[in-house]
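Let's take a friendly walk through this model together. Have the sequence and the 3D view side by side as you read.

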Amino acid sequence: MKYDRDLLWPTLEPATPEEEEQDSSELASDRKSIEQGDWSIDADTALEEARRLYDAEAERRRGADTKAGIYLAAITALVPVLTSLVPSIWSDKSGRAYAVISLLVFALAVTYLVKAGLWAFHTIKVSAFNQVHVNQLAKIWSTSSPKEGLAKEIAGAVRLNYRLTNEKVTCIKMTHEFLLRAFLVFALLLFVQGLWPPAASFIEWTTKQFHTPKSAPLLMCYS
């Protein structure tokens with residue numbers, strides 16, 4: 001039942017208290033292992049890998065923002081299409097049933113489109129992102145093993161950024177889901193508008209053919 005509901009209207013279930021507690025516990029455990037771990041063994045490699053992970057996480061974040069911008073541009077481009085469809089929807093040439101069905105399909109498509117735009121805006125909004133600041137860098141370089149300390153700080157920032165980046169990726173996935181449904185419903189609307197008039201004409205012609213009374217036979221009169 002939930003799958004059928006999500007097929008029509010995708011929903012994002014909030015995390016349960018148990019999941020929140022488990023996530024916080026895993027975060028605390030990971031940060032503890034980072035702080036207490038011995039990174040002095042081949043510190044150069046550890047620092048290089050920490051920087052690589054940080055760059056990958058930053059790129060994943062930028063990718064979500066870029067996709068959100070593209071989706072917003074696509075939504076903006078659909079506005080003229082919506083404007084052009086309104087007069088044909090209110091046209092009464094094909095009957096009231098055509099207008100009602102077209103209006104319902106049009107309203108559903110617009111709803112999907114608006115929801116996709118809201119998720120895209122939620123994706124690109126300014127949010128926190130952890131990084132190593134100048135004061136942290138100065139403090140690290142005052143120690144006897146600055147490379148080890150820097151690797152730990154960068155790794156800790158990467159771990160804190162996982163959840164923040166995952167939220168952006170989740171938002172862009174929801175944008176994609178609603179935009180896909182908006183596209184499919186708009187395609188259905190165009191299909192209805194293209195098929196309805198000839199179908200209505202055919203039904204009307206068929207009805208006339210079956211209901212036209214046959215002419216009575218001629219009687220021959222002989223004088």
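Leaving aside its neighbours within four places in sequence, which residues is Arg181 in contact with? Setting those neighbours aside, the partners of Arg181 are Asp6, Leu7, Leu8, Pro10 and Tyr112. Bear in mind as you look at them that this is a predicted model. You will find Arg181 itself in helix α7, which covers residues 146-211. Arg181 counts as buried because its relative accessibility is 13%, and the cut-off for buried is under 20%.

Now step back to the whole chain. The protein chain has seven helices and zero strands, so reading from the N terminus gives the order α-α-α-α-α-α-α. Of its 223 residues, 28% are buried.

Next, turn to Asp42, in the loop between α2 (17-36) and α3. Although Asp42 is not a glycine, its phi is positive, at about 55 degrees. Asp42 counts as partly exposed because its relative accessibility is 48%.

Follow the chain into helix α3, residues 43-77, and you will come to Asp55. With a relative accessibility of 47%, Asp55 is therefore partly exposed.

Conventions. Residues are numbered from 1 along each chain as its sequence is written. This is a predicted model: local features need pLDDT of at least 70, side-chain atom pairs count only at pLDDT 80 or more; totals for chains, interfaces and linings use all residues. Side-chain values use heavy atoms; hydrogens and water are left out. Helices (H or I, at least four residues) and strands (E, at least two) are DSSP runs, numbered from the N terminus. Buried means under 20% relative accessible area, exposed over 50%, partly exposed in between (1.4 Å probe, protein chains only). Contact means heavy atoms within 4.5 Å.
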